[in-house]
Amino acid sequence: MKLSELVGVRALGLRVVVGGGTAGELPVTGAFITDLPDPSRFLGPGTVVLSNGLWVERPDGVERFVRALLGARATALVLGLVELGEVPPELVEVARREGLVVATLPEGASFGSVVQAVVEGVGGPPAATSPAAELAARIQQTVADGTLERGLTLVRDRFGVDCWVVDDDGTVPVVAGDLDAELVVAVWAGKAPSVGVTWWPLGPPPSRARLVAHHPGADLVPEAARAFDTLAAVLRPELRFAHRSRTARWERTSGLLAAATDESLPRGEVAALSRLAALDPQEPLRVLLARTTGAEFPVEALVELLGRVGAGDGVRIAVGLHAVTATAVLSEPPAAPDLGTRLTQALPEPLDLLDGRTLVVATSDPVTGVGGLASALAVATERLGEFDARPGPVDGTVVLLDSSAGGDHRSLLRMLPASARTAFAAGVLGELEDYDRRHGADLVSTVRVFLDHGGSWQDAARALHVHPNTLRYRIARIEEVTGRDLSTIRDRVDVFLALQCRPAPGDG
């Protein structure tokens with residue numbers, strides 16, 4: 001197989017950035033995925049090397065890596081840009097000077113697809129140059145076939161070392177051997193013991209994704225360490241693709257909530273977005289918000305925890321981020337189990353990840369149709385805010401906020417869409433505000449002070465620094481302009497609520 005044939009496979013999307021011309025005639029005998037700073041022991045003539053470029057940040061990393069490839073007579077370097085974002089200028093300069101072909105792989109493709117194309121193009125795996133190279137090739141081919149678990153099992157069976165992958169959200173998607181749950185939490189939290197455990201990062205900081213090897217009582221032999229190096233290099237792009245897919249789902253939820261609070265959008269469009277988020281807009285909908293007490297808990301893990309909280313029989317849930325808060329929207333059939341029950345049942349093991357923190361989940365009441373999502377979000381936000389304002393320590397590992405703690409008129413008003421509050425205030429106070437503008441008066445402030453003092457003529461007049469008779473004259477003018485009788489509770493409540501919908505300057 002020639003390099004030009006590999007580049008010509010349109011499904012791969014390879015793009016040559018250094019080299020070309022007669023370089024297309026170079027032979028391709030195999031493919032090898034690595035992030036080792038010097039992978040020469042695993043390479044043979046004609047190898048296409050695939051890498052995430054983690055060696056770029058090392059002192060003299062680019063020079064050393066390029067020399068290793070040329071010394072092994074490798075054909076080309078295929079650089080994945082998941083970690084780097086772009087081809088480093090230093091690599092371009094060194095590769096041009098030394099005569100190394102460099103190509104890039106688009107974000108939508110995986111290293112495994114390139115390995116598979118090479119294997120098919122050369123008619124099978126190349127002859128191994130060493131036992132270590134043979135094992136590395138088998139690991140890569142196994143993962144290229146789409147079976148991550150078999151890749152871990154291959155290494156585990158070869159060296160008798162239990163291993164697993166822990167993802168950014170604290171879940172363990174792949175295991176080979178026995179799983180130590182306490183050790184998973186320790187590694188994920190960055191508190192792994194210094195002996196008996198070795199781990200490899202599977203994403204750039206602040207990612208907590210790890211490949212973990214558990215070898216109590218003995219150090220990893222060098223051959224096993226090199227095999228895990230290879231396995232980590234193969235897993236990194238696979239985990240990054242999974243993370244991007246998860247992030248895309250989160251963005252659908254964020255888009256749904258943004259659309260629900262944009263009252264200019266037709267309800268049909270919002271309903272369509274809810275279906276894209278795998279929700280049923282015909283069923284009662286509920287919004288959940290979550291946070292933890294304490295700092296440094298990854299929001300990715302919090303979103304996934306929230307997903308487990310909401311899940312239940314017949315319940316559809318879409319999780320994501322809204323204003324950097326872990327958020328979920330649920331569509332619940334009438335017979336769905338109680339949310340509090342689901343929360344208790346869903347979180348026995350994941351709670352270990354909290355490491356002493358408290359998980360706080362605020363939920364709205366169920367609403368009918370997508371038109372109620374904006375108010376549901378406001379309710380959940382209000383309840384979470386009320387919890388944050390509580391004095392004293394938090395009691396419990398999980399706190400479910402499913403009713404308003406304050407229960408006052410402000411909680412009620414914040415549940416209404418902004419447009420409804422604005423329209424109500426304008427209907428009650430609009431003419432009075434116009435009167436103030438035309439006459440240079442301040443009757444709105446007068447009625448605000450009057451009501452704040454419970455309708456007491458003496459107290460309100462004292463606060464306004466006027467005579468009580470002057471205040472009586474002003475209130476009479478207010479009643480005339482607004483058409484409201486402030487001696488009645490009904491009209492006082494209307495004016496008071498209208499004032500709350502339009503806070504005075506400087507109010508929170």
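Mentor: Start with helices and strands. Helices are DSSP runs of H or I with at least four residues, strands are runs of E with at least two, and both are numbered from the N terminus. By that rule the protein has 18 helices and 14 strands. The model is predicted, so local features need pLDDT of at least 70 and side-chain atom pairs pLDDT 80 or more, while totals for chains, interfaces and linings use all residues. Residues are numbered from 1 along each chain as its sequence is written, and side-chain values use heavy atoms, leaving out hydrogens and water.

Trainee: Why is threonine 253 called buried?

Mentor: Buried means under 20% relative accessible area, exposed means over 50%, and partly exposed lies in between (1.4 Å probe, protein chains only). Threonine 253 has 2%, so it is buried. This residue is found in helix 8 (residues 222-260). Of the 508 residues of the protein, 49% count as buried.

Trainee: What does threonine 253 touch?

Mentor: A contact means heavy atoms within 4.5 Å. Leaving aside residues up to four places away in sequence, threonine 253 touches Ala318, Val319, Gly320 and Val329.

Trainee: What makes tryptophan 188 and phenylalanine 297 an edge-to-face pair?

Mentor: Two numbers are needed. A pair of aromatic rings is described by the distance of the centres and the angle of the planes. Rings of Phe, Tyr and Trp (its six-membered ring) pair if their centres lie within 6.5 Å; planes under 30 degrees apart are stacked, over 60 edge-to-face, and the rest tilted. The whole structure holds four aromatic pairs. In one of them, the centres of tryptophan 188 and phenylalanine 297 are 5.7 Å apart and the planes stand at 65°, so the pair is edge-to-face. Tryptophan 188 lies in helix 7 (residues 181-188) and phenylalanine 297 in the loop between strand 10 (285-292) and helix 10 (299-310), so the pair ties together parts 109 residues apart in sequence.

Trainee: Are these two residues buried or exposed?

Mentor: Tryptophan 188 has 1% relative accessibility, so it counts as buried. Phenylalanine 297 has 12%, so it counts as buried too.

Trainee: Why is the pair of phenylalanine 450 and tryptophan 457 called tilted?

Mentor: Their centres are 5.0 Å apart and their planes stand at 45°, so the pair is tilted. Phenylalanine 450 has a relative accessible area of 1%, so it is buried. Tryptophan 457 has 25%, so it is partly exposed.

Trainee: How do you know that a charge sits over the ring of tryptophan 457?

Mentor: The test asks for NZ of Lys or CZ of Arg within 6 Å of the ring centre and within 35 degrees of the ring normal. The charged end of arginine 472 sits over that ring, 4.3 Å from its centre. Likewise, the charged end of arginine 208 sits over the ring of tryptophan 188, 4.5 Å from its centre.

Trainee: What makes strand 2 and strand 3 a pair?

Mentor: Strands pair if DSSP finds at least two bridges between them. Strand 2 (residues 30-33) and strand 3 run parallel and are joined by four. Phenylalanine 32 stands opposite valine 49 of strand 3. Strand 3 also pairs with strand 4 (residues 76-80), again parallel and over four bridges.

Trainee: How is strand 3 covered?

Mentor: Five of the five residues in strand 3 (residues 47-51) are buried. Thr47, Val49 and Ser51 are on one side, and Val48 and Leu50 are on the other.
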